[in-house]
2 protein chains.
Amino acid sequence: MIQPLPISWFVDNLPEQQIVEDFFKETIQKNYTMSGFTPLDTSAIERVEILTSKGADDNEIYGVHRLNGESNEANLGLRFDLTVPLARYVVQHEGKLSFPFKRQHIAKVYRGERPQKGRYREFYQADIDIIGNGKLPLFADVEIISTIAQALKQLDFGDFRVHMNNKKFLTGFLEHIGIQKIQEVIAVIDKKDKVRWDKLTIMLGDIWVDTQQKEKIYDFIFSIKNLSTQEIFEKFWSIENDLLLEGVWELKYTYEKLLDLGINNETLVIDPSISRGLNYYTGMVFETFIVGAEKMWSISSWGRYENLAEHFTKKSFPWVGGSIWLSRVLAVLDQLWKLDFNKKTPTQVLIINMSEKDMSHNLGILKTLREMNIPSEIYLDPEVKMAKQFKYADNKNIPFVLICGEEEIQKDIVVMKNLTSWEQQEIPQENITNFLQK
Amino acid sequence: MIQPLPISWFVDNLPEQQIVEDFFKETIQKNYTMSGFTPLDTSAIERVEILTSKGADDNEIYGVHRLNGESNEANLGLRFDLTVPLARYVVQHEGKLSFPFKRQHIAKVYRGERPQKGRYREFYQADIDIIGNGKLPLFADVEIISTIAQALKQLDFGDFRVHMNNKKFLTGFLEHIGIQKIQEVIAVIDKKDKVRWDKLTIMLGDIWVDTQQKEKIYDFIFSIKNLSTQEIFEKFWSIENDLLLEGVWELKYTYEKLLDLGINNETLVIDPSISRGLNYYTGMVFETFIVGAEKMWSISSWGRYENLAEHFTKKSFPWVGGSIWLSRVLAVLDQLWKLDFNKKTPTQVLIINMSEKDMSHNLGILKTLREMNIPSEIYLDPEVKMAKQFKYADNKNIPFVLICGEEEIQKDIVVMKNLTSWEQQEIPQENITNFLQK
């Protein structure tokens with residue numbers, strides 16, 4: 001006899017948690033599909049040399065090996081994100097794809113890293129990506145952000161903010177105020193959420209940023225986001241720095257197109273402090289926060305890079321990608337008590353199994369309910385007392401119980417009992433689905 | 001630069017293949033949900049001691065290890081089916097589940113076995129299971145078969161047959177004709193698809209089956225399925241063997257209830273030759289074949305076992321489970337040329353990007369289409385010539401192209417071009433979604 005022990009940092013969902021996770025997954029998927037992102041579902045297993053191509057930390061990677069396999073098999077591992085496998089896929093299948101290539105992938109990834117709440121060693125990401133062949137217009141960024149914002153809105157958990165920045169905007173500004181070591185200064189700015197400003201000024205001083213520049217940087221990264229978008233555009237429009245102007249233009253273009261696509265202007269924040277991944281990204285970047293949980297984690301992010309597959313090919317595949325950190329969204333909302341774990345089964349109606357004799361009639365009702373897309377079941381055993389059958393429905397939080405015995409069959413009705421209000425009513429048989437679809 | 005090589009026996013889908021696979025996955029999932037099977041999504045990773053508990057072949061199992069991890073971590077591996085993890089889950093979370101527990105799980109499993117067409121080292125299974133606590137009525141078998149049959153029907157690939165057998169029926173029959181070594185005879189019968197009958201008779205002779213018994217066995221396993229169900233029931237009803245009668249009764253009950261649930265009687269075949277897993281299963285078993293491909297593989301199967309978690313607990317969890325071998329269904333249908341790989345994107349409508357000036361108007365149309373659940377996109381770049389934009393739609397087999405330039409905006413219409421028929425027509429703006437939903 002083997003005692004089944006849990007595995008550290010791998011977690012099982014209970015049915016009521018799984019139903020919530022699935023609702024999130026399906027809502028996101030539906031929105032990605034409406035925007036024409038085609039599904040891909042590459043293997044969870046990749047060659048280790050592919051996984052480490054971008055310089056990923058081996059320590060995070062799970063290797064995979066046959067327990068009793070031949071030693072000449074390739075070195076394999078589990079994906080730690082969905083982007084490296086995408087880059088590999090695009091290069092391998094380039095000739096069979098049409099570009100710009102828009103794909104979605106909602107799947108689990110595996111990281112042997114130090115676990116955090118909502119980010120265990122196996123967690124869900126929900127990615128969309130647009131890959132160009134040679135070039136990729138700025139509108140691709142708009143598609144990514146609008147699709148993600150629309151998906152988050154339909155998840156209906158409350159307000160969120162998409163904080164947008166642009167590498168050219170930040171870099172151009174730093175150029176404009178005379179910073180020499182731009183990459184290093186951005187690396188310091190990137191620490192702003194973990195390190196207090198008085199510490200950061202010391203670090204900036206170490207790389208020859210003077211006091212006046214420090215003040216301008218402080219103002220830029222912390223105060224700009226309080227201005228209206230119009231004020232931001234006006235403030236920077238007249239500065240003579242080509243890179244900065246290009247950045248402002250890209251922000252303005254993206255912002256306006258997002259409004260055209262119906263994204264609420266309150267949702268969009270131009271925020272020069274967004275600097276995650278700016279050592280890598282080359283244009284627009286964004287991070288998304290739930291209102292009231294800004295100090296927790298970003299629930300969605302990503303950006304643009306001019307060459308997705310640079311480690312695999314000399315060809316240029318400019319790329320813009322976005323991800324909803326699905327497992328994280330759920331963890332944040334759980335901490336905010338915003339998730340409802342009441343539903344323990346998809347079943348909407350339990351048909352009481354009255355007797356063997358009435359079963360044939362009741363199976364006809366069951367068939368109709370299922371055909372009308374009402375998830376339903378009949379209690380498995382007619383020998384069991386009605387009270388116990390009700391208890392089964394109650395334990396699983398099934399909202400309706402349907403009773404149809406000899407008497408009801410003769411009168412061509414059913415008795416429908418609402419297990420929340422405990423009300424019951426008689427309904428003509430032909431009206432059951434109408435009643436439930438209300 | 002790293003050359004991305006394929007991994008032997010792991011296969012990437014192209015978009016047009018993925019869309020077909022997803023349609024299958026979603027259709028099956030919808031049917032499982034309509035029958036009230038609650039989703040579970042356990043980790044792909046389990047402890048090796050759990051994976052090997054039922055005596056699985058190590059050689060098939062993929063182990064998982066941190067590339068640079070601590071040596072004191074548990075021995076982990078990838079699941080090779082969805083049933084062993086289920087048994088583990090039920091024992092671990094028993095107190096938080098309501099029984100009978102109905103669950104669905106559609107996911108990939110990993111086997112380092114010799115690969116077959118349609119069964120690579122990573123493949124999809126689509127399982128439903130009902131687990132009792134102590135006892136589980138026969139109607140559970142009906143639920144599994146009817147739900148699977150309904151799902152296969154909605155996949156709409158053509159005719160299929162569910163071949164049902166019952167261990168008690170077969171065992172009782174062998175008892176009745178005086179067979180002593182019943183398990184051994186069943187093991188021989190189980191080879192019938194791979195070994196010719198003249199070889200099988202020699203094997204049966206080796207375990208003291210006499211000529212008359214051999215003839216009766218031949219008749220039973222090969223001829224019974226040509227009788228009508230009614231004839232089968234009548235033929236065996238009068239035989240005085242309790243086990244056989246119980247088997248006949250269970251087959252009859254299951255058959256009749258399946259008809260009550262609207263399963264076509266032509267779909268159901270009582271077939272005493274179905275013997276896969278009968279060393280393990282204890283009651284009803286079934287295998288499903290596509291008409292015209294009976295010699296290929298079973299596309300769905302499973303059965304009942306009286307103690308799912310016997311390796312983990314002394315408690316009794318009777319279980320009935322069924323699986324659609326999703327990757328196999330697709331492989332068989334592909335060989336029969338029954339799959340349509342035309343669709344390369346979910347997009348139904350490509351809006352031509354006429355000019356920067358008209359873009360705002362066209363983004364409004366795009367927003368409306370998406371809100372009406374019509375997957376759609378706008379070509380990313382207004383600088384690109386219209387012919388190239390059409391080529392993009394054509395390459396991706398997008399069915400409709402929508403054109404709305406200055407003139408159309410003034411007339412409050414759009415031009416809708418059907419890329420299959422090459423017909424085009426002018427449509428008032430407010431009628432676009434009606435036109436497309438036809």
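Contact here means heavy atoms within 4.5 Å. The structure is a predicted model, in which local features need pLDDT of at least 70 and side-chain atom pairs count only at pLDDT 80 or more, while totals for chains, interfaces and linings use all residues. Residues are numbered from 1 along each chain as its sequence is written, chains are lettered from A and ligands numbered from 1 in the order in which they are written, and side-chain values use heavy atoms, with hydrogens and water left out.

Not counting residues up to four places away in sequence, Val209(B) touches Ile179(B), Val185(B), Leu204(B), Lys214(B) and Ile217(B). Its relative accessibility is 6%, so Val209(B) counts as buried (under 20% relative accessible area, with exposed over 50% and partly exposed in between; 1.4 Å probe, protein chains only). Between the C-alpha atoms of Val209(B) and Gly178(B), 31 residues apart along the chain, the separation is 9.0 Å.

Turning to the sheet of chain B, eight strands form an open arrangement in the order E1-E5-E6-E11-E10-E9-E7-E8, with mixed pairing; two strands pair if DSSP finds at least two bridges between them. E1 and strand E8 (268-270) of chain B are at the edges with a single partner strand each, so one side of each has no neighbour in the sheet. Strand E1 (residues 38-39) of chain B runs parallel to E5(B), joined by two bridges, and Pro39(B) has Gln104(B) as its bridge partner. On E5(B), ten antiparallel bridges connect to strand E6 (residues 122-131) of chain B, with Val109(B) partnered by Phe123(B). Ten of the ten residues of strand E5 (residues 101-110) of chain B are buried, so the strand is largely enclosed by the rest of the structure. Further along, strand E10 (residues 300-305) and strand E11 (residues 319-324) of chain B pair in the antiparallel sense over six bridges, and Gly303(B) stands opposite Gly321(B).

The largest nonpolar core has 119 residues, of which Leu402(A), Phe24(B), Phe157(B), Met164(B), Leu174(B), Ile217(B) and Phe236(B) touch the most other members. Such a core is a set of buried Ala, Val, Leu, Ile, Met, Phe, Trp, Tyr and Cys residues joined through side-chain atoms within 4.5 Å. Helix H4 (residues 139-155) of chain B gives the most to this core, namely ten residues. Another core, of 118 residues, lies apart from it and includes Leu170(A), Ile179(A), Leu363(B) and Leu369(B).

Finally, the two chains can be compared as copies. The same surface serves both copies, as 100% of the contact residues of chain A recur in chain B. The contact takes 113 residues from chain A and 113 residues from chain B. About 9,400 Å² is buried between the chains, 58% of it on carbon and sulfur atoms, where buried area is the accessible area (1.4 Å probe) that two parts lose on being put together, summed over both. The chains share 14 salt bridges (a side-chain nitrogen of Lys or Arg within 4 Å of a carboxyl oxygen of Asp or Glu), including one from Lys25(A) to Asp41(B), whose closest N and O atoms are 3.6 Å apart.

Conventions
Helix = DSSP H or I, 4+ residues; strand = E, 2+ residues; numbered from the N terminus.
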